[in-house]
Amino acid sequence: MDETKVYSYDEFEEALVEQTLKEVVSILEERGYNPINQIVGYLISGDPGYISSHKEARSKIVKFDRTKILEIVIRKYLQKWDI
């Protein structure tokens with residue numbers, strides 16, 4: 001492990017989106033919401049009101065373009081299925 005790993009911006013952004021989604025899911029569950037329904041509502045409508053402002057969940061998710069979030073989620077899903 002003496003070599004330096006170089007990450008592309010896309011890899012870094014993908015990791016940030018994944019971490020943010022995990023945090024938002026946890027926060028929504030903590031508040032008693034169904035995180036899937038809330039996130040899908042936000043991604044489809046663009047209305048950030050679907051995401052609770054509790055612990056800055058809304059602020060965290062709106063930092064990323066909704067299209068980019070969808071792209072990453074779908075890519076990860078398809079990778080699981082080797083598609």
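The model is predicted: local features need pLDDT of at least 70, side-chain atom pairs count only at pLDDT 80 or more, and totals for chains, interfaces and linings use all residues. Residues are numbered from 1 along each chain as its sequence is written, and side-chain values use heavy atoms, with hydrogens and water left out. The protein chain holds four helices and zero strands. Helices (H or I, at least four residues) and strands (E, at least two) are DSSP runs, numbered from the N terminus.

**Confidence**

- Mean pLDDT (the predictor's confidence in each residue, from 0 to 100) is 94 for the protein chain.
- Of its residues, 98% reach 70 or more.
- Helix α3 (residues 57-61) has the highest confidence, at 98.
- Helix α4 (residues 66-80) has the lowest, at a mean of 94.
- Where pLDDT is low, the predicted coordinates should not be read in detail.

**Overall fold**

- From the N terminus on, the order of elements is α-α-α-α.
- The C-alpha trace spans about 45 × 30 × 20 Å along its principal axes.
- The protein chain has 83 residues, and 27% of them count as buried. Buried means under 20% relative accessible area, exposed over 50%, and partly exposed in between (1.4 Å probe, protein chains only).
- Take the contacts (heavy atoms within 4.5 Å) with a separation of 6 or more: residues 24 or more positions apart account for 48% of them.

**Packing of α1 with α2**

- Two packed helices are described by the angle between their axes and the distance between the axes. Axes are lines fitted to C-alpha atoms, for helices over the stretch in contact, and angles run from 0 to 180 degrees between N-to-C directions.
- The axes of helix α1 (residues 9-30) and helix α2 (residues 35-45) come within 9 Å and cross at roughly 120°.
- α1 and α2 are therefore oblique to each other. Angles under 35 degrees count as roughly parallel, over 145 as roughly antiparallel, 65 to 115 as roughly perpendicular and the rest as oblique.
- From α1, L21, V24, V25, L28 and E29 take part; from α2, P35, Q38 and I39 meet them.
- By class, this contact of α1 with α2 has six nonpolar, one polar and one charged residues. Ala, Val, Leu, Ile, Met, Phe, Trp, Tyr, Cys and Pro count as nonpolar, Asp, Glu, Lys and Arg as charged, and the others, Gly among them, as polar.

**Packing of α1 with α4**

- The axes of α1 and α4 come within 10 Å and cross at roughly 90°.
- That makes α1 roughly perpendicular to α4.
- D10, E13, E14, V17, E18 and L21 in α1 meet a set in α4: K68, I69, I72, V73, R75 and K76.
- The residues of this contact of α1 with α4 divide into five nonpolar, no polar and seven charged.
- E13, in helix α1, counts as buried at 14% relative accessibility.
- Leaving out residues up to four places away in sequence, E13 touches K68 and I72.

- Most residues other than glycine have a negative phi.
- K55 is not a glycine, yet has a positive phi of about 50°.
- K55 lies in the loop between α2 and α3 and is partly exposed, with a relative accessible area of 48%.
- E56 also has a positive phi, near 65°.
- E56 sits in the loop between α2 and α3 and counts as exposed at 53% relative accessibility.
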